[in-house]
Structures are given as C-alpha cells and as structure tokens.
Amino acid sequence: MLVIKDLQASIEDKQILKGINLTVKPGEVHAIMGPNGSGKSTLSAVLTGNPAYTVTGGSVEFYGKDLLALSPEDRAHEGLFLSFQYPVEIPGVSMVNFMRTALNEKRKYFGQEPLSAADFLKIMREKRTIVQLDNKLASRAVNEGFSGGEKKRNEIFQMAMLEPKLSILDETDSGLDIDALRIVASGVNTLKSKDNATIVITHYQRLLDYIKPDFVHVLYKGRIVMSAGPELALELEDKGYDWIKEQVDSQQ
Amino acid sequence: MKENEKPDKGNQIIEEAAQAEYKYGFVTDIETEVIPKGLDEDVVRRISALKGEPEWLLDFRLKAYRHWLTLKAPTWGHVHVPEIDYQDISYYAAPRHNKQGEAKEIDPELKKTFDKLGIPLEEQMRLSGMAVDAVMDSVSVKTTYRERLAELGVIFCSISEAVKDYPDLVRKYLGKVVPYTDNFYAALNSAVFSDGSFVYIPKGVRCPMELSTYFRINAAQTGQFERTLIVADDDAYVSYLEGCTAPMRDENQLHAAIVEIIVEDRAEVKYSTVQNWYPGDKDGKGGIYNLVTKRGLCRGDHSKLSWTQVETGSAITWKYPSCVLKGDNSVGEFYSVALTNNWQEADTGTKMIHLGKNSTSTIVSKGISAGHSQNSYRGMVKIAPKATGCRNFTQCDSLLLSDTSGAHTFPVIEVGNDTSVVEHEATTSKINEDQIFYCNQRGISTEDAVGLIVNGYAKEVMAKLPMEFAVEAQKLLSVSLEGSVG
C-alpha cells in the first residue's frame with residue numbers, strides 16, 4: 001500500500017530526511033525506532049503533509065497514488081492517519097462536532113451522503129468503548145483539559161472512527177502510565193486487520209510488547225540504517241543505539 | 001442526545017455556508033418613494049409630515065436637528081469614518097403602497113425579498129414562533145403576530161404606529177435613555193429617524209415568543225435611521241432579536257440607529273443582534289457605516305438587561321450597547337463577538353454604569369480580526385461612589401487570523417467605593433497552525449478548520465443567542481472569514 005522511495009525532506013533549510021526507503025503492505029506492523037533527532041517524527045509529518053516541512057526529493061506512493069501531490073485532508077480521506085505525539089487542544093470545539101465534521105468530509109470525498117446525527121452518535125458510542133473513553137467525551141472540547149493518557153486514548157478513538165488504511169502512531173507511548181499504555185495498545189490491536197497497516201514510531205521496546213511488529217527499522221541521521229524482525233527491538237532495548245551509530249558513522 | 005445534536009447542525013451549515021459569499025447583496029426592484037437628498041429643517045418637517053406625526057414629536061425632531069448643527073462627528077473611535085456629506089444622502093425612502101396599514105396585502109415583491117432573507121412574513125400555524133417586524137429602508141412593512149400578542153397586552157409594532165396608537169407611552173419613554181444631546185449621531189437620528197420597533201411588555205407578562213426586527217436597506221444613496229424603543233414593565237420578560245442586511249454597493253451607506261430600553265422592577269430584557277450589513281468588497285470598497293447608540297436603563301430593582309451581539313458586517317462599526325444599572329441589585333450583561341475581515345473596522349464594546357447598590361455586570365468580548373481589518377474593544381465600567389457592593393467581571397479576548405490585521409483594547413475602569421469588586425481579564429492569541437494541521441490530518445479543510453476554531457473560540461457568546469439565531473450566527477462567522485486563510 002505504501003512505497004517510499006529515496007524520500008528527502010527539510011525544515012527551514014535543514015535537511016532532516018536524507019533518503020528514506022520503506023515499503024508497507026496490508027496487514028503489516030512496522031516499528032520505526034531510533035535515537036532522538038534521527039527524523040522519526042519528521043517522517044510522519046512529511047507523510048501526512050505537514051506544511052512546515054519541504055519535500056526535497058524522492059517519491060511516496062499510496063495505493064498507486066502520488067501521496068505527496070495530495071493535500072493533507074485528501075491524504076486523510078485516502079486512509080492515512082496520524083496519532084499525534086502532542087495532540088493539540090481546540091478550545092470550544094466539541095469532540096462530537098469535530099469528529100462529525102471529519103467523518104462527513106470523508107464521506108463527501110467518496111460521494112456519500114452525510115451521516116444523520118443519530119447514526120453518527122451510534123458509531124461514536126461503539127467506538128469509544130474501544131479505548132474506554134466515557135460519554136462525557138462527546139461534550140468536551142477537542143483535547144481541552146484532557147490528561148496525557150486521555151489525549152492518547154482520544155487519538156486512538158479518532159483512529160477507530162476514521163477507519164484508516166495506514167495508521168502512524170507517533171510516540172503514542174510517551175507520557176503514558178502502564179495502564180493507559182495497555183488500553184491504547186489493546187485499542188490499536190482491536191483495530192488491526194489484514195487490510196490495514198500500522199507504523200509505530202517509538203523510542204522504547206515497551207510499547208512493542210503490546211503491539212507486535214513484523215518489522216523493526218532503525219532510523220538514524222535521516223536514513224533507515226537497519227531493518228530486521230521483532231528481535232531487533234529487543235536487541236536495541238538491551239544494547240542501546242550506540243553500536244549502530246558507530247557502525248554507521250564509521251562507514252561514512 | 002439532543003444536546004449533542006446541536007453543534008452538529010451548526011457545523012453542517014457552516015460547511016454549506018463556507019462556499020457562499022455575501023448572499024444578501026441583492027437589490028429588490030420595487031417602486032420606492034424617496035425624498036430628495038439633503039438635510040435642513042424642511043426635510044425634518046417633511047419626514048414628520050409623511051409619517052403624520054403629532055406636534056410634540058416634530059418639536060423633538062427640530063430641537064434635535066438644531067442641536068445636531070452645533071455638534072461635530074466624534075473622532076475618538078479607532079475607525080476612519082470619512083467626511084460624510086450629509087447633504088448627499090436621502091433621509092427617507094419607502095417602498096410605495098406598503099406602509100403598514102395602508103395596504104391589506106403585502107406586495108409580493110417585498111414578501112419575496114424577506115422570504116429570500118429567510119424572514120417569514122406569514123404567521124405560521126404553529127403555537128410557538130417568532131414575531132417579526134420587517135423594516136425596509138425607512139418604513140416597517142409588516143409586523144406579524146400582533147393580535148396574538150395584544151391579547152396578552154404586549155405591544156409589538158413599528159414605532160411610527162406606536163406614535164399614533166400609543167402616543168402617551170412613546171412620549172413618556174422616547175429619548176429618556178438616549179437624549180438627543182447624547183452624541184452627534186444620536187442627535188442626527190433623533191432629527192430624522194424613520195422606523196424601527198416599539199415593544200411594551202406590561203406588568204407581570206412573560207412574552208411567549210421571541211420578538212424580532214429585521215432591518216433591510218434596499219434603496220441606494222439613502223441612510224437608514226432606525227429607532228427602537230423597548231419597555232419591560234415590572235416583572236415582565238422579553239427576548240428581542242435584531243437582524244440586518246443590505247445590498248452590495250460600491251458606495252457607502254449610513255445606518256445611524258438608536259435603541260433605547262427601559263427595564264423596570266424585576267423585569268428582564270434580552271436583546272440579541274446579528275449584524276450583517278454589507279461589509280464592502282475585498283478591496284474595502286462600499287459597505288455600511290454602522291454608527292449606533294444603544295443603551296438600556298435598568299431602572300427597577302432586580303432588573304436585568306442582557307445584550308448579545310454578533311457583529312460580522314459593516315465597513316465601519318461604532319457601537320457600544322450599554323447598561324445604566326440604576327436599580328439596586330440590577331444586572332447588566334454584554335456578550336459580543338465582533339469579526340472583521342478584509343478592510344473592515346470595528347470599534348465596539350460597552351459601558352456598564354453602576355448607580356444602584358449591589359448591581360452586577362458581566363462583559364465577555366471576543367474580537368476576531370482577519371485580512372487588513374482593525375478590531376477594537378472599547379469598554380467602560382463605572383461604579384458610582386454610592387453604589388456599594390457592586391461587581392463587574394470583564395473578559396476581553398482577541399484572536400488574530402492574519403499578520404496584517406489589528407486587535408486593540410481600550411478599557412476604562414472607575415470605581416468610586418471600596419466595597420465593589422472589578423475584575424478584568426484579557427488575552428490576545430493567534431490562530432495556531434498546529435490546530436489547523438491537526439484538523440487537516442483528520443480530513444477537515446483549512447477553511448472549515450478555521451470556521452470550527454473560530455466558532456469554538458466564540459462559543460461562550462454564541463451560547464447566549466436563541467437557537468435560531470445561533471445557527472445563523474455560526475454560519476455567518478464562517479462565511480465572513482472566507483478568503484482570510486491560505
């Protein structure tokens with residue numbers, strides 16, 4: 001579904017991604033790990049079309065479409081979802097209003113009629129149980145006054161609502177206690193199917209205990225410098241990144 | 001469940017509306033009686049004669065006119081009102097054959113106009129509804145539900161008719177809250193005012209439906225001088241709504257209104273405005289000058305007056321709906337959203353004058369500036385030395401949507417005793433790119449995202465509007481922002 005070729009990107013003239021190659025197929029879970037500043041979050045921002053970043057080379061195909069040519073909202077409609085590392089607060093905008101707008105925009109994109117209020121609320125009720133969010137959520141403003149854990153659960157709730165084909169979880173485990181981590185991970189696992197795929201960006205093995213990756217990639221200095229099976233994550237947990245850094249730096 | 005549905009409906013409409021421009025900019029082709037341009041005593045007499053007014057009212061007008069001649073237009077506002085040639089305006093324009101009471105059937109063309117504006121001039125067979133006084137240019141063309149309201153003793157009619165039918169009431173109250181000496185535009189209005197609404201709610205009556213006046217400017221090169229007078233007697237309650245639109249024209253047009261409200265013992269008046277006069281085009285050409293004096297007197301003990309306004313229109317807005325809190329324990333409220341885009345200028349706010357003991361006031365002002373516009377909050381909270389135990393809370397927020405727009409606040413606070421408490425909070429923020437991208441990532445376009453965020457920002461005020469108006473107002477905020485991002 002996703003084919004990234006030699007992707008390069010910069011922010012404010014600083015080159016961050018220096019040639020990323022990655023292929024993701026339906027049903028797969030890819031973990032992207034790496035030390036701070038290696039470009040992990042940049043990759044998710046570039047894929048979702050954050051205007052703060054400039055693509056300076058390479059290509060990204062998503063189900064055969066040129067992803068980079070699409071607007072951020074069309075990328076979302078096509079089935080790309082980002083669980084933000086730092087979900088923003090939108091004061092005064094209720095979750096119901098926000099989600100209903102999002103869902104109906106997607107339906108519009110595919111030429112479908114908007115959902116009735118009743119149908120929408122029914123879906124919302126179903127989906128929020130996946131991450132154990134309570135009913136008060138509906139009337140609360142988007143992320144406003146949410147705790148760290150609630151914000152992350154709210155991200156997965158939105159993922160459940162939008163049913164993306166490819167979800168990128170950007171450090172979804174950061175700032176979570178172990179209970180919240182379990183809820184979030186179980187939500188992600190519930191939503192997993194043979195037709196969708198997940199990219200998990202994380203520093204730690206911890207999350208991967210719950211969300212089992214098929215592939216683990218190490219991102220360093222804007223490139224994927226190592227790819228292997230789930231055992232790589234365990235090795236990294238054990239040995240850290242220094243040995244990879246040394247290996248890469250000595251080659252340069 | 002019901003509660004959940006509310007914002008959704010609004011949002012759906014936001015979407016539809018986001019694709020529209022100023023959609024009230026059409027002109028009705030109707031035969032209009034316009035008096036020649038210019039202003040002198042003869043014109044004042046002529047307006048009075050056209051309306052068949054009694055001597056005392058002509059006197060009032062002439063005194064106001066003579067006083068006006070001695071005044072200069074105020075220049076303290078943070079707006080640029082160009083030199084207005086008052087001899088180049090026509091002061092009276094009326095759709096022919098459609099003054100109230102003169103024709104049995106309303107002109108189909110007029111009915112069509114108000115239909116197009118979404119204002120029903122037919123009384124619906126529903127139990128509840130909204131009574132409408134429809135004012136086109138200088139005259140009221142129709143007031144609905146009058147008979148039903150009359151059964152309760154509620155008077156709702158155009159002020160011209162009130163002068164004829166209830167002269168004592170009008171004479172008792174007219175000019176008592178806003179005297180013609182008040183300011184330049186008030187003097188002008190008092191001299192040449194044309195139509196507007198008169199509302200009287202008798203003692204102990206809770207008006208069973210929303211009363212509303214819809215002001216429409218149609219004729220070119222004319223000014224509209226609205227005059228509205230609302231009286232709520234002891235223990236009465238009324239919710240009154242005001243809406244305004246005008247055609248798109250390259251010239252500027254003047255709307256100089258006076259609204260006076262008197263609230264007696266334990267009575268309550270809610271006054272809501274959605275002001276959507278034509279704001280001019282994206283280069284700042286054309287648009288209405290909205291120069292308005294609105295003031296209410298909470299005369300009775302435990303009386304309450306609440307102003308809610310959503311201001312999106314007009315090239316220039318200069319208005320300060322105010323409360324004089326004379327009664328002990330009286331309550332004044334002011335909730336405002338003022339949105340300016342392109343080259344619009346707004347200088348708006350309120351005055352809360354505390355004269356009664358233990359009187360309280362709340363001010364919530366939300367300014368939104370986009371394009372090259374200038375948006376100012378100007379407010380005064382004054383607590384008289386004898387008005388002990390008073391409270392005021394003011395929250396004054398500004399949201400900037402562009403680097404080229406301005407937000408300004410000019411608060412004045414005078415507290416005359418040490419048992420009163422005044423609080424003032426103010427914030428200025430810029431719309432956040434992270435918020436917009438977050439919405440984008442969920443599939444919401446930037447334009448819709450701005451609409452959502454702005455409506456969220458203004459929610460506290462919008463929640464004070466009656467439901468029908470709230471939906472309309474949400475829609476307006478989004479439409480008015482069109483082209484302000486991206």
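Predicted model: local features only at pLDDT ≥ 70, side-chain atom pairs only at ≥ 80, totals over all residues.
Residues are numbered from 1 along each chain as its sequence is written, and chains are lettered from A and ligands numbered from 1 in the order in which they are written.

**Where chain B touches chain A**

- On the chain B side, 25 residues are in contact with 30 residues of chain A (contact means C-beta atoms, placed from the backbone, within 7 Å).
- Helices H1 (2-17), H9 (433-441) and H10 (446-457) of chain B each supply at least two residues of that side (helices are DSSP runs of H or I, at least four residues, and strands are runs of E, at least two, numbered from the N terminus).
- H1(B) gives the largest share, seven residues.

**The sheet in chain A**

- Six strands make an open, mixed sheet in the order S6-S9-S10-S3-S11-S12 of chain A (strands pair if DSSP finds at least two bridges between them).
- Strands S6 (80-83) and S12 (223-228) of chain A are at the edges with a single partner strand each, so one side of each has no neighbour in the sheet.
- S6(A) and S9(A) (residues 166-170) run parallel, paired over four bridges.
- Within this pairing, Phe81(A) has Ser167(A) in S9(A) as its bridge partner.

Terms used. Contact = placed C-beta atoms within 7 Å.
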